[in-house]
Amino acid sequence: MGMGPGKPVVGVVLTPPGEGGIGVLQVVGTDAVKVLELVFRGKSDGPPGGPWTPGELRLGRLMDGKDVLDEAMVCVLPGDPPAVEIQCHGGQETIRRILRCLEAQGVKLVKPPEWLSLSACRMGLDRIQCEAAEAIPWARSELALSLLLAQHEGALSGFVRDLAGGRVGKAEVEALLRRPRWGEVLCCPRRAVLAGPPNAGKSSLFNRLLKEDRVITAESPGTTRDAIAEEVLVRGVPVVLVDTAGLRETEHPVEKLAIEVSVRELAQADLVLFVFDASLPLDEAVLGNYRSVCGRVPQVIPVLNKMDLAGAAARSEGKALLGQRVVEVSALAGTGLDALAERVRAAITPPHEYEPGAPAIFTDRQASSLERYRVASGLPAADFERLRGEIFAELLGRCPD
Ligand SMILES: Nc1nc2c(ncn2[C@@H]2O[C@H](COP(=O)(O)OP(=O)(O)OP(=O)(O)O)[C@@H](O)[C@H]2O)c(=O)[nH]1
Ligand SMILES: [Mg+2]
């Protein structure tokens with residue numbers, strides 16, 4: 001027996017697929033409670049158990065006709081349109097059976113983003129808060145989580161409302177836009193590429209920074225072929241670290257391909273750790289590659305590796321040529337890694353620390369809307385007036401009908 005047409009009720013699974021102690025589903029829509037009453041029985045096959053109080057948990061069974069699907073805790077959630085939450089056992093088979101039964105009652109299954117915009121509306125969240133809720137499951141570090149929670153609580157939305165109410169002005173918008181953005185750094189990890197001549201120890205350093213033997217390293221130059229990317233946390237800041245094939249002139253067809261991949265990676269890099277073998281004299285070709293990378297990538301950190309080798313520390317020409325910015329490390333002995341991490345963090349994060357609770361832009365959409373506001377504020381008053389309402393509506397969004 002289905003609910004019939006014209007009464008949209010959507011269902012979503014909130015727990016990730018796979019094995020787990022519990023599975024959580026929600027059903028949202030005008031007839032959500034009716035759907036629940038069709039599939040839920042209190043213990044001992046009794047009725048659901050009287051009127052529902054929002055927020056009250058009830059224990060019972062989910063039934064498909066006479067068949068018990070699972071034991072579950074259910075709850076009617078406050079808000080409009082109504083929603084119910086079902087907490088059942090975890091595991092793919094349990095969830096699949098319950099979904100099949102809900103679908104038979106006319107529930108349309110949706111993915112979490114679609115459900116989120118419905119739920120955000122039920123809970124009175126604006127579009128920025130909704131975007132924060134969407135980003136929270138993907139937060140990669142404590143710092144990222146705290147920034148997103150603050151925006152979910154309304155830090156950036158409050159700023160936009162203050163702007164609409166004239167309590168802050170163009171200068172504050174410009175400051176927010178001009179500041180390097182913590183939100184973006186934390187939510188879209190920067191790419192740091194390990195590049196340099198073959199055999200300098202790029203892969204060894206990659207493994208060290210990852211704290212695992214992720215890629216192979218070997219004495220012979222030309223070991224790495226594919227670029228390998230892995231995400232690491234550098235002092236709380238997520239970074240995508242990429243190991244690449246060493247750069248050199250070669251006739252070897254496979255190595256040539258590998259170097260083309262390195263060059264492509266360099267073109268996408270936000271930061272390059274250019275690794276030199278400190279035990280060797282500084283080669284002109286290597287220096288030429290280094291300079292060309294410096295000309296093309298926003299930030300480059302010269303890294304002198306193999307400082308443990310006899311003679312490496314005594315070599316001064318590398319340091320003199322590369323300047324004060326070099327970081328000396330030994331991937332083998334594990335020395336200099338703290339200083340390197342510090343330099344990487346400093347290179348990819350804004351110069352100021354993130355102020356807990358402060359408004360932060362964390363999506364391109366927010367940045368471009370605020371940029372539009374900044375430009376519009378320079379237009380004649382009548383044009384600005386016309387545009388500002390549009391921009392605020394776009395920033396904070398509207399509830400779906
Ligand atoms: N003594 C010493 N040896 C190192 C150090 N780092 C790497 N090596 C050695 O240098 C050799 C090359 O290391 P890799 O990490 O494979 O070098 P790579 O730069 O990735 O080389 P390609 O992939 O060929 O470009 C290996 O034998 C490493 O054990 C170091 O800090 N000190
Ligand atoms: Mg390598």
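What radius of gyration does the protein chain have, and what would a compact globule of 401 residues have?

1. The protein chain has a radius of gyration of 28 Å, whereas a compact globule of 401 residues would have one near 21 Å; the radius is taken over C-alpha atoms, and the globule rule is 2.2 Å times the number of residues to the power 0.38. Along its principal axes, the C-alpha trace spans about 85 × 60 × 35 Å. This is a predicted model, in which local features need pLDDT of at least 70 and side-chain atom pairs count only at pLDDT 80 or more, while totals for chains, interfaces and linings use all residues. Residues are numbered from 1 along each chain as its sequence is written, and chains are lettered from A and ligands numbered from 1 in the order in which they are written.

2. The protein chain has 15 helices and 13 strands, taken as DSSP runs numbered from the N terminus (helices H or I, at least four residues; strands E, at least two). Of its 401 residues, 35% count as buried, that is, with 20 or more other C-beta atoms within 10 Å of their own, these atoms being placed from the backbone. Of the contacts with a separation of 6 or more, 64% are between residues 24 or more positions apart, a contact requiring C-beta atoms, placed from the backbone, within 7 Å.

3. Helix α9 (residues 202–210) is largely enclosed by the rest of the structure, because seven of its nine residues are buried. These are K202, S203, S204, L205, F206, R208 and L209, and what covers them includes β8 (190–195), β9 (228–234), β10 (237–243), β11 (271–277), β12 (299–305) and α13 (337–348). Just after α9, K211 takes a positive phi of about 60°.

4. The axes of helix α6 (residues 155–164) and helix α15 (residues 381–396) come within 11 Å and cross at roughly 165°, which means that α6 is roughly antiparallel to α15 (over 145 degrees, on a scale from 0 to 180 between N-to-C directions). The contact is made by S157, V160 and A164 of α6 with F392, L395 and L396 of α15.

Note on methods. Angles under 35 degrees count as roughly parallel, over 145 as roughly antiparallel, 65 to 115 as roughly perpendicular and the rest as oblique. Two residues are in contact if their C-beta atoms, placed from the backbone, lie within 7 Å. A residue is buried if 20 or more other C-beta atoms lie within 10 Å of its own, exposed if 12 or fewer, and partly exposed in between; C-beta atoms are placed from the backbone.
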